[in-house]
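These are my notebook entries on a structure that I had not looked at before. I set down what I looked up, entry by entry.

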Amino acid sequence: MKEYKWATLGCGVIANQLAQAFAANGRKLYSVANRTHEKAVAFAEKYGIDKVYDQIDDVFSDDEVDIIYISTPHNTHISYLRKALSAGKHVLCEKSITLNAEELEEAVRLAEEHHVVLAEAMTIFHMPIYKELRSRMDTGEFGELRLLQMNFGSYKEYDMKNRFFNRNLAGGALLDIGVYALSFLRWFMSSKPDQILSQVKYAPTGVDEQASILLKNKEGEMATVILSLHAKQPKRGTISFDKAYIELFEYPRGEEAIITYTEDGHKEVVSVGSTDRALEYEVTDMEVAVAGEENRMHLDYTIDVMDMMTSIRKDWGMRYPEEEEG
């Protein structure tokens with residue numbers, strides 16, 4: 001497989017992890033684009049990247065770039081997606097891939113029109129532990145899927161200017177951490193939930209600080225999700241079947257699961273992959289998809305999750321400034 005040239009659009013935490021993932025495999029990013037040029041220069045120097053763009057949009061017209069990784073705030077994604085996809089670039093975009101389902105529909109149309117791969121950088125779709133468990137589940141080893149319970153709670157200080165609580169940066173629990181929980185559900189559930197009930201507690205800025213969600217699909221599989229940005233919870237997912245239940249901790253980048261079997265209560269520990277290699281797995285799967293060998297990016301699941309989040313926020317009546325402009 002050819003070695004693709006990657007550009008990072010953004011220089012934050014995820015971009016640093018991306019550069020480190022490349023370095024772990026003896027590679028480096030081809031180029032870096034950022035709204036603040038000085039930060040791009042410093043990032044390039046740190047990781048030995050040869051090319052820095054004077055203007056952020058120059059990345060889209062660079063014929064050498066094959067794949068762009070977008071890791072800017074959620075509400076900027078669609079504008080960059082429009083430019084990147086229209087320029088014929090493959091795109092791996094940080095979650096949440098867009099603000100809402102309408103934006104994602106537009107991006108998907110552009111990707112199809114320009115024959116490029118569009119994907120969300122959702123670790124759950126790429127960690128080996130999930131592929132292993134899904135494979136075993138599909139054989140019927142655990143019996144019928146019945147229930148899923150998801151927890152994700154972070155404790156963020158009440159700084160209403162940071163991205164977690166800032167409406168102007170598309171803050172809130174659902175798009176930031178809820179996307180993980182809902183992606184976990186979609187990975188294991190037979191179909192997208194079509195019955196959803198929820199409650200929300202708002203932060204002083206008007207974004208969702210805390211939420212509880214109940215979901216059910218046409219197969220009768222049911223799930224609960226509890227989210228908070230101001231109360232620590234274990235990052236725990238529990239999947240209950242007829243013959244066993246599975247627990248995963250630190251599930252966004254999980255590497256270990258405990259299976260407890262219903263009949264006799266014995267436990268099995270499954271360890272596959274490494275948390276530290278999360279972005280390496282994403283990069284590998286993306287390059288395989290771009291090469292046309294096998295599409296492992298699960299854009300269909302990303303679409304389902306975005307549909308759910310959009311529906312939930314619609315029920316709350318919660319909109320971001322970009323959604324109010326029309």
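Entry 1. I began with Ser96, which sits in the loop between strand 5 (90-94) and helix 4 (101-113).

**Entry 2. What I am reading.** The model is predicted, and I recorded that local features need pLDDT of at least 70, that side-chain atom pairs count only at pLDDT 80 or more, and that totals for chains, interfaces and linings use all residues. Residues are numbered from 1 along each chain as its sequence is written, and side-chain values use heavy atoms, with hydrogens and water left out.

Entry 3. I looked up Ala170 in the loop between strand 7 (145-155) and helix 6 (173-188). Its phi is near 55 degrees, a positive value in a residue other than glycine. Is Ala170 buried or exposed? Ala170 counts as buried, at 1% relative accessibility; buried means under 20% relative accessible area, exposed over 50%, and partly exposed in between, with a 1.4 Å probe and protein chains only. Glu250 lies in the loop between strand 12 (244-249) and strand 13 (256-261), and its phi is also positive, near 50 degrees. Glu250 counts as partly exposed, at 49% relative accessibility.

**Entry 4. The chain as a whole.** I found nine helices and 14 strands in the protein chain. The C-alpha trace spans about 60 × 45 × 40 Å along its principal axes. A compact globule of 326 residues would have a radius of gyration near 20 Å, and the chain agrees, with 20 Å. That radius is taken over C-alpha atoms, and the globule rule is 2.2 Å times the number of residues to the power 0.38. Buried residues make up 55% of the 326. I also looked at contacts (heavy atoms within 4.5 Å): of those between residues at least 6 apart in sequence, 65% join residues at least 24 apart.

**Entry 5. Helix 5.** In helix 5 (128-138) I listed Pro128, Ile129, Tyr130, Leu133, Arg136 and Met137 as buried. Which elements cover these residues of helix 5? Among them are helix 6, strand 11 (230-241), strand 14 (267-271) and helix 7 (278-290). Gly140 follows helix 5 and has a positive phi, near 90 degrees.

**Entry 6. The largest pocket.** On a 1 Å grid over the protein atoms alone, a pocket is an open set of points with protein on both sides within 12 Å along at least five of seven lines, a cavity is a set where a 1.4 Å probe fits but cannot get out, and lining residues have an atom within 4 Å of a point. Points are joined across faces, edges and corners, and a volume is the space filled by probe spheres set on them. The largest pocket has a volume of about 1,100 Å³. Of its 39 lining residues, Gly12, Val13, Ile14, Ser71 and Arg163 lie nearest the centre. Helix 1 gives the most to this lining, with four residues. I counted 16 nonpolar, twelve polar and eleven charged residues in the lining, where Ala, Val, Leu, Ile, Met, Phe, Trp, Tyr, Cys and Pro are nonpolar, Asp, Glu, Lys and Arg are charged, and the others, Gly among them, are polar.

Entry 7. Helix 7 gives the most to its lining, with six residues, and the lining divides into five nonpolar, three polar and seven charged residues. The structure holds one cavity of 30 Å³ or more; the largest cavity has a volume of about 40 Å³. Its lining includes Ile14, Tyr69, Arg253 and Glu282.

**Entry 8. Cysteines.** How many disulfides does a search of the whole structure find? It finds zero, a disulfide being a pair of cysteine sulfur atoms within 2.5 Å. The sulfur of Cys11 is 15 Å from the closest cysteine sulfur, in Cys93, and therefore too far for a bond. Cys11 is buried at 18% relative accessible area, and Cys93 is buried at 0%.

Key
Helix = DSSP H or I, 4+ residues; strand = E, 2+ residues; numbered from the N terminus.
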